[in-house]
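Here are my notes on this one, written as numbered points. Keep the structure open next to you and look for each item as you read.

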Amino acid sequence: MIVLCHADLVPPARLAGLSWREADPVRTEWDVTTALRRRGHAVQVVGVRDDLLPLRRAAAAFRPHAVFNLLMELQDVGGYQAHVAAALELDGVPFTGADA
C-alpha cells in the first residue's frame, strides 16, 4: 500500500515524545499508516506538494495493491484532487477516494 499525503504531513515513525501541537497535524496520516501496518500491509508513505512524479515513481517501483489517498490538494489547490485521481487511473493503480 502507498499512503499518499501532502509532503508537509508525512508522519514520523513514532508520535511518542511529540507534543499535541506537533503530533496533531499528522495524526490522520500516522493513524492510517499504523493501522495498515498492523493489518500486515507493507506500507510506503509518499508525500507530494507540486507534482505527482514522486507518486508515479513510487507506484512503478513499489507496485502497491492500492494507494490510500489522503491528499487534499496539489500545488496548494484543492480543486486539483481530481488530477491526482486521473493520474492514478491512467497508470492503472487502484486507489481510495473519489474517481476523476
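1. Start with the sheet: 3 strands make an open sheet in the order 2-1-3, with parallel pairing. Strands here are DSSP runs of E with at least two residues, helices are runs of H or I with at least four, and both are numbered from the N terminus. Two strands count as paired if DSSP finds at least two bridges between them. Strand 2 (44-48) and strand 3 (67-69) are the edges, each pairing on one side only. From one strand to the next, the twist averages 25 degrees.

2. Before going on, a word about the source: this is a predicted model, where local features need pLDDT of at least 70 and side-chain atom pairs count only at pLDDT 80 or more, while totals for chains, interfaces and linings use all residues. Residues are numbered from 1 along each chain as its sequence is written, and side-chain values use heavy atoms, leaving out hydrogens and water.

3. Now look at strand 1 (residues 2-6), which is joined to strand 2 by 5 bridges. One of the partners to find is Q44 in strand 2, paired with I2. L4 stands opposite V46 in strand 2, and its bridge partner in strand 3 is N69. Strand 1 and strand 3 run parallel, joined by 3 bridges.

4. How many residues of strand 1 are buried? It's 5 of the 5, so strand 1 is largely enclosed by the rest of the structure. Buried means under 20% relative accessible area, exposed means over 50%, and partly exposed is in between (1.4 Å probe, protein chains only).

5. Axes are lines fitted to C-alpha atoms (for helices, over the stretch in contact), and angles run from 0 to 180 degrees between N-to-C directions. Contact means heavy atoms within 4.5 Å.

6. Helix 4 (residues 81-91) has V84, A85, A87 and L88 as its buried residues. They cover an arc of only 160 degrees around the axis (taken from the directions from the helix axis to the C-beta atoms), which puts them on the same side of helix 4. These buried residues pack against strand 1, helix 3 and strand 3. Just after helix 4, G92 has a positive phi of about 75 degrees.
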